[in-house]
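I opened the structure and kept notes as I went.

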Amino acid sequence: MFTGIVTDVGQVRAIEKRGDTHFVIATKFDVSQIDIGASIACSGACMTVVDKGSAADRWFAFTASGETLSKATLGDWKVGDPVNLERSLRMGDELGGHIVTGHVDGIAEIKKMAPEGESTRLTFEVPVALSRFIASKGSVALDGVSLTVNEVDGSRFGVNIIPHTLSVTTFKRAKPGMKVNLEVDLMARYVARLVKS
């Protein structure tokens with residue numbers, strides 16, 4: 001489990017495709033405190049650490065299956081790309097954003113950007129099948145960042161990103177056409193399932 005509060009922006013160091021796809025991510029995290037098998041949200045996708053570097057050479061590696069690549073943006077990553085990172089919650093940690101599982105539901109695309117006060121207003125479009133899970137004043141995780149939905153119009157919705165969030169996440173490079181990992185609110189997913197049954 002995660003909160004959608006990014007604690008580091010790492011960088012893709014290496015990608016190797018062999019059966020599955022293997023990624024190496026450079027990080028500022030103290031990797032000596034990260035166990036093999038630990039979960040780290042990588043731009044919103046919960047990935048399992050399979051290898052790691054040292055205190056002097058900080059990196060960790062994970063393997064992404066075809067299913068993960070089909071649902072998330074990882075298949076488009078290139079060496080040097082920035083990656084929002086969050087370590088998994090521990091008992092007693094502050095829940096600063098909202099409950100995020102790291103299970104990416106699909107991809108959202110930035111359609112419009114505009115300044116709004118000191119913030120930046122972003123309008124996203126999502127696949128129609130996912131739009132029913134997004135509600136005004138509800139929560140979404142976009143590339144692992146917990147955000148509040150301002151309004152919904154069909155398969156489009158808007159969020160405001162404050163300057164702090166813009167400066168400490170990959171959203172500092174946001175532009176129309178950019179695609180991000182989307183995780184809908186956990187409660188919305190289960191409510192929709194109950195209503196359907």
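Which residue takes a positive phi in the hairpin of β10 and β11? I found Asp 143, with a phi near 50°. The hairpin has two residues between its strands. I note that this is a predicted model.

I looked up the pairing next. β10 and β11 run antiparallel and are joined by four bridges. Leu 142 stands opposite Val 145 in β11. Asp 143 is not a glycine, yet its phi is positive. I placed Asp 143 in the loop between β10 and β11. Is Asp 143 buried or exposed? Its relative accessible area is 5%, so I logged Asp 143 as buried.

**Entry: another positive phi**

Lys 137 is also not a glycine, and its phi is positive at about 70°. I found Lys 137 in the loop between α2 (128–131) and β10. Lys 137 has a relative accessible area of 60% and is therefore exposed. I set the pair side by side: Asp 143 is buried, whereas Lys 137 is exposed.

**Entry: Val 149**

I moved on to the loop between β11 (145–148) and β12 (151–153), where Val 149 sits. Its relative accessibility is 0%, so Val 149 counts as buried. What does Val 149 touch, leaving out residues up to four places away in sequence? I listed Ile 134, Ala 135, Ser 136, Lys 137, Gly 138, Val 140, Phe 157, Gly 158 and Val 159. Lys 137 from the previous entry turns up in that list. Val 149 and Ala 41 are 108 residues apart along the chain, and their C-alpha atoms are separated by 21 Å.

**Entry: strand β14**

I turned to β14, residues 179–184. How many of its six residues are buried? Five are, and I noted the strand as mostly covered. I then looked for its partners. β8 (residues 106–116) pairs with β14 in the antiparallel sense over four bridges. In that pairing Ile 107 stands opposite Asn 181. β10 (residues 139–142) pairs with β14 too, antiparallel, over three bridges. There Ala 141 has Glu 183 as its bridge partner.

**Entry: the second largest pocket**

I asked for the volume of the second largest pocket and got about 300 Å³. The lining has 13 residues. Which of them are closest to the centre? I wrote down Trp 77, Asp 81, Arg 173, Met 178 and Lys 179. By class, the lining has seven charged, three polar and three nonpolar residues.

**Entry: the seven-stranded sheet**

I traced an open sheet of seven strands with antiparallel pairing, in the order β4-β3-β7-β1-β2-β6-β5. β4 (45–48) and β5 (51–52) stand at the edges with a single partner strand each, so one side of each has no neighbour in the sheet. For β4, I looked at the pairing with β3 (residues 39–42), which is antiparallel over four bridges. Ser 39 stands opposite Thr 48 in β4.

**Entry: Thr 27**

Thr 27 is in the loop between β2 (20–26) and β3. Its relative accessibility is 10%, so I counted Thr 27 as buried. A polar atom of its side chain lies 3.0 Å from the backbone nitrogen of Phe 29. Leaving out residues up to four places away in sequence, Thr 27 touches Asp 8, Arg 58, Trp 59, Phe 60 and Leu 85.

**Entry: Thr 101**

I found Thr 101 in the loop between β7 (82–87) and β8. Thr 101 is buried, with a relative accessible area of 10%. Where does a polar atom of its side chain lie relative to the backbone nitrogen of His 103? The distance is 3.1 Å. I checked Ser 139 as well: Thr 101 and Ser 139 are 38 residues apart in sequence and 13 Å apart in space, C-alpha to C-alpha.

**Entry: Ser 119**

Apart from residues up to four places away in sequence, Ser 119 touches Ala 114, Asn 160, Ile 161, Ile 162 and Pro 163.

Notes. Residues numbered from 1 in each chain as written. Predicted model: local features only at pLDDT ≥ 70, side-chain atom pairs only at ≥ 80, totals over all residues. Heavy atoms only, no water. Pairing = 2+ DSSP bridges. Buried < 20%, exposed > 50% of the residue type's maximum accessible area, 1.4 Å probe, protein only. Polar contact = N/O pair within 3.5 Å; in protein donor to acceptor, adjacent residues only side chain to side chain. Contact = heavy atoms within 4.5 Å. 1 Å grid on protein atoms, 1.4 Å probe; cavity = no way out; pocket = protein on both sides within 12 Å on 5 of 7 lines; lining within 4 Å. Points joined across faces, edges and corners; volume = space filled by probe spheres on them. Nonpolar A, V, L, I, M, F, W, Y, C, P; charged D, E, K, R; others polar.
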